[in-house]
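Subject: Structure for your review

Dear colleague,

Please find below the structure that I am handing over to you. My findings follow it, and I would be grateful if you read them with the structure open.

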Amino acid sequence: MRVMSWTRPCHGLDWSHSLFYLTLLLWTRRMNALADFSNYLSRIITSHSAHACDGQPLRLHCPRHSTISIQSAFYGSGEARLCGADPSLRAHNNHSCSAFTALQKLLSECQSHRDCQLPVNHLLFGKDPCPGTTKYLHVDYKCKPTEHKRHVVCDGGTMILRCKPPKVLNIYAAVYGRSLGQTDTCPSHLTRPPPFECLNHEAVHLVSKSCYSKQKCVVAVSNQTFRDPCFPGTRKYLSVVYSCVPQTLLREADPSVFSSTSPPTVDTEKDLEEPFPKGSKRPDNSGAMMSNSLLTYAYIKEHPEMAALLFTSSVCVGLLLTLLAVSVRVTCRGHRLRDHRLAPKSRGQTVNCQEEEEEDEEDEDEDDDDEDGTESSLISAAERKAINAWEEVTYVSEAAERAERIERRDMIIQEIWMNAYLNGSSC
């Protein structure tokens, strides 16, 4: 008995078409995701700037999974041409006509937010630094990813930042001083921490100048390197937020860095195994996922054909394995069903054979009985009487012969006795 196929050919064709369309849909979504990821990487790697004149709103924005990190802020009339003033009245980089509270105001309003919007007005920054002059607000910022690394070194130590090749450093924020509520960071047993924050946010420029786009950098943490923002005797520390990004991505985002500087040197294995200085905190591994994602995207961007081939091959291998698993399952299922169906049939055939043999034997016995009965029924009643008479005659003749033999024997015995008697009397 044949086992019927579990699908028809047309159904298999529809299934293959469905798999093809599903693969095409996944590939299209993957390409769109890669494009979105490319835009996301360009946003978090590069530096951004925004400016607005008096009376206009200033908006800072970062993509998802990233926050604003203010690098610098200027409010004044340093470049009046941005707001359409008379060039003869502008004073290039005239910091005497600037609000010194601009950076602190931007940090308090926009730092660590995804979106920030401020109305540009001298009232926002306190006293008007240049009355009667057209002013503007210029902000430089970066989009700090949620997956990043942080390294803290106490005052008097040496900060060493490094990335494994081919990744390089990208600095997002650097602060020198002391924050409120962080008593466990670089504690001082001699002096009590100040009851207010004393932070130097301009440290990011010095750290970026020493470490940006390099695989390793060394920064001395002291008042000689950074401006002291705290009272004398306060123990300070340097906190740096950074990430390791592929060199190719950083080159595409900021080509001027690699054209004006020499290629970053590769650290030796001995340098990479150096322990961090005492009194410092090791950077956490929260940026590992981000760095791996950046490296993966860099490889895909450098080798698009190879990436497409690997993706197609992986899809084909997955489909083949799925088809193989399905075919094996269907085959095993068919064998089980066939064995399950054939087992009762074989048992039934055996029982039927035995029953047939018994029936044949019974039929033979019945046939014999029927034949005997038929033969006996064929003998007539007269023949039966003749046979019975013949049997009686035979029995009578045998009895007569037996009586005759007995009589002869008695006569012989009498003659013997008589002869014996006669012989005895003569003597």
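Which hand, left or right, does the link of C211 and C217 have? The link is right-handed, with 90° about the S-S bond. Please keep in mind that this is a predicted model.

The search of the whole structure found 7 disulfides, and I describe some of them here. In the disulfide that C211 and C217 form, the sulfur atoms lie 1.9 Å apart. C211 has a relative accessibility of 0%, so this residue counts as buried. C217 is buried as well, because its relative accessible area is 5%, and the cut-off for buried is under 20%.

Another disulfide joins C62 and C143, whose sulfur atoms are 2.1 Å apart. This pair links distant parts of the chain, 81 residues apart: C62 lies in the loop between strand 2 (57–61) and strand 3 (66–76), and C143 lies in strand 5 (residues 136–145). The link of C62 and C143 is left-handed, with -90° about the S-S bond. Both C62 and C143 are buried.

C163 and C244 also form a disulfide, with 1.9 Å between their sulfur atoms. Here, too, distant parts of the chain are linked: C163 is in the loop between strand 7 (158–162) and strand 8 (167–178), while C244 is in strand 11 (residues 237–246), 81 residues apart. The torsion about the S-S bond of C163 and C244 is about -80°, and therefore the disulfide is left-handed. C163 has a relative accessible area of 3% and is buried; C244, at 3% relative accessibility, counts as buried.

Yours sincerely

Note on methods
Residues numbered from 1 in each chain as written. Predicted model: local features only at pLDDT ≥ 70, side-chain atom pairs only at ≥ 80, totals over all residues. Heavy atoms only, no water. Disulfide = S-S within 2.5 Å. Helix = DSSP H or I, 4+ residues; strand = E, 2+ residues; numbered from the N terminus. Buried < 20%, exposed > 50% of the residue type's maximum accessible area, 1.4 Å probe, protein only.
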